[in-house]
Every structure is written in structure tokens, then in C-alpha cells.
Amino acid sequence: MLVSLILALAVCSVSAGPSSVYDDQETTKAQQLLTQLDEVRQTVTIGATELVESALNLIGVPYRRGGTSTEDGLDCSGLVKTVYAQTLGLILPRRADQQAAATQKIDKTELQPGDLVFFNTMRRAFSHVGIYIGDGQFVHAPKPGSSVRVDNMTQSYWTRRFDGARRVLSNDETSPQVR
């Protein structure tokens, strides 16, 4: 959204008003801004792609309650914590409810690959978390006796239990801070 706004302002500043000696300077500034925006977009896309790839590489790792290691097993929040730490170097809190509190709330319609999706699976809010990978699908460690897998959020089980979506912000972005 911010990128769209900046882009719109850049286009307006280039095309608005009468011709002047400043047109070339404004055009150059707008082109520089567009180049910078493209670099940011590529960086965000690369980060999301790496997050999704890291999460997908853990498919098949056994579920282990309280698990935080790929060797011994992972639970849902351990999976999220591990993927974000190994991929982006961001340290998230340990539990799903803490991860929800430490991240930025977004609307379900704003979901992008790498965002977190939360569910009420234990009769309490934010008791389960997964990593959204696109097309309504997410990677998660569902329950004892299973392993990390991909599920579809449109399945009735997940639809009924959906608690919200969150976006993780890096330490150099504004609050909420990732701990």
C-alpha cells in the first residue's frame, strides 16, 4: 500500500503542472524513486520466497510438543520460530500466543507468503500458528503423531478455527518489535 502511494505521488509529480526547467530534475527524481521501490519490492519478494522455501524444506519433520529442533521435532510455534531465525535472523517469542502479540495484525485479505496465520485449536485464542505460503495454504506442525505439512485454510476445520493473520516486522521497522 505504501509503495502504491509513493508510486502515485511520483507519477503525479512528473505529470502535473506546466512545463518548466524543473521537469527534467523531477523526472530524474521520479525515476530514482521508482528504481528504489523496485529494489525494495525485490528484497521483500526474496525474503518471502526464502521463508516459504525454508518452511517447505521442513515438511516431514515429526511433531514434538515443545519441540524447537529439526532433529528432535517441532511443534507449531517452534516451526515458526526456527524458520524465521534461520531464514531472516529474526528471533520470535516461543509460544503461538506470544508470536501473535509480537507481530502486526493484518486482514486475511492482505495475506502474503511468509505471513503468520493463527487458529484456535485448543479452546483458546492463538493456540496454533502456521506460515502462509499462498493460494490459501499454510505450512504447520499440526499435532502429536503427525509431521510438518501443508494444509488449506479453506478446509472447514481451519475456517471454523481461524483466529487472524499477522505480519512479522524486522527490527528496523516500526512496532511491534520482534523479540
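The questions below move from a single residue to the sheet.

Modeller: This is a predicted model: local features need pLDDT of at least 70, side-chain atom pairs count only at pLDDT 80 or more, and totals for chains, interfaces and linings use all residues. Residues are numbered from 1 along each chain as its sequence is written, and side-chain values use heavy atoms, without hydrogens and water.

Biologist: Where is the place of I59?

Modeller: Helices (H or I, at least four residues) and strands (E, at least two) are DSSP runs, numbered from the N terminus. I59 falls in the loop between α2 (23-56) and β1 (68-69).

Biologist: Does I59 count as buried, partly exposed or exposed?

Modeller: Buried means under 20% relative accessible area, exposed over 50%, partly exposed in between (1.4 Å probe, protein chains only). I59 has 43% relative accessibility, so I59 counts as partly exposed.

Biologist: Which residues does I59 touch, not counting those up to four places away in sequence?

Modeller: Contact means heavy atoms within 4.5 Å. With that exclusion, I59 touches V148, R149 and V150.

Biologist: What is the order of the six strands in the open sheet?

Modeller: Two strands pair if DSSP finds at least two bridges between them. The pairing here is antiparallel. The edge strands, β3 (104-106) and β7 (149-152), each pair on one side only. The order is β3-β8-β4-β5-β6-β7.
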